[in-house]
Amino acid sequence: MWWIYALLSALFASLTAIFAKIGVSNINSNLATAIRTVVVLVMIWGIVIFRGETKGIVSLSKTNIIFLTISGIATGLSWIFYFKALQMGDVSKVASIDKLSIALTIILAAVFLRESIDTKTAIGAGLIIAGTIVLLLK
């Protein structure tokens, strides 16, 4: 079942790139990021409240709060740089290079979470890195 959610995530990430490219034309990319962030904030809090999931707030540990905060900062920085790149570059290239995050995540998961990297995963990450290099070459 997880793979269905992952495919839906990929679909909506793709649509995000297309809609964002149109949305950032002729405006400041930071303003565009701020607007998008407010929309995401309202949407997700609406879902949490509607589903009655706010009860989990009281059980958050200090570790949960620290790492969710750090993750939020990383997300914000990612969005800021992504929108700036979209404003300046072709969406097909920006989105493709952005997916280098997959290979970086595999490497960082091995280093920090001690996840093992099997041969298929290593080859896939290597191909992503090679593809990114090809896109960057002029």
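1. In this predicted model, the stretch of residues 64-82 is 100% helix and 0% strand, and its end C-alpha atoms lie 26 Å apart. The unreviewed UniProt entry annotates residues 64-82 as a "transmembrane region", and it gives the same label to residues 30-52, 94-113 and 120-137.

2. Across residues 2-136 the chain is 81% helix and 0% strand, and the end C-alpha atoms are 32 Å apart.

3. Thr 33 belongs to helix H2, which runs over residues 29-50. Thr 33 counts as buried because its relative accessibility is 5%, where the cut-off for buried is under 20%. Residues up to four places away in sequence being set aside, Thr 33 touches Trp 79, Ile 80 and Phe 83.

4. Phe 83 is also a member of the largest nonpolar core, a set of 10 residues in which Ala 17, Ala 20, Val 24, Ala 32, Tyr 82, Leu 86, Val 91, Val 94 and Ala 95 are the other members. Two or more residues of this core come from each of helix H1 (2-23), helix H3 (62-88) and helix H4 (91-98).

5. Tyr 82, another member of that core, deserves a separate remark. With neighbours within four places in sequence left aside, Tyr 82 is in contact with Ala 17, Val 94 and Ala 95, and also with Arg 36 and Asp 98. Ala 17, Val 94 and Ala 95 are themselves listed in the core.

Key: Residues numbered from 1 in each chain as written. Predicted model: local features only at pLDDT ≥ 70, side-chain atom pairs only at ≥ 80, totals over all residues. Heavy atoms only, no water. UniProt positions renumbered as here; feature names shortened; annotations may be inferred. Helix = DSSP H or I, 4+ residues; strand = E, 2+ residues; numbered from the N terminus. Buried < 20%, exposed > 50% of the residue type's maximum accessible area, 1.4 Å probe, protein only. Contact = heavy atoms within 4.5 Å. Core = buried A, V, L, I, M, F, W, Y, C linked by side-chain atoms within 4.5 Å.
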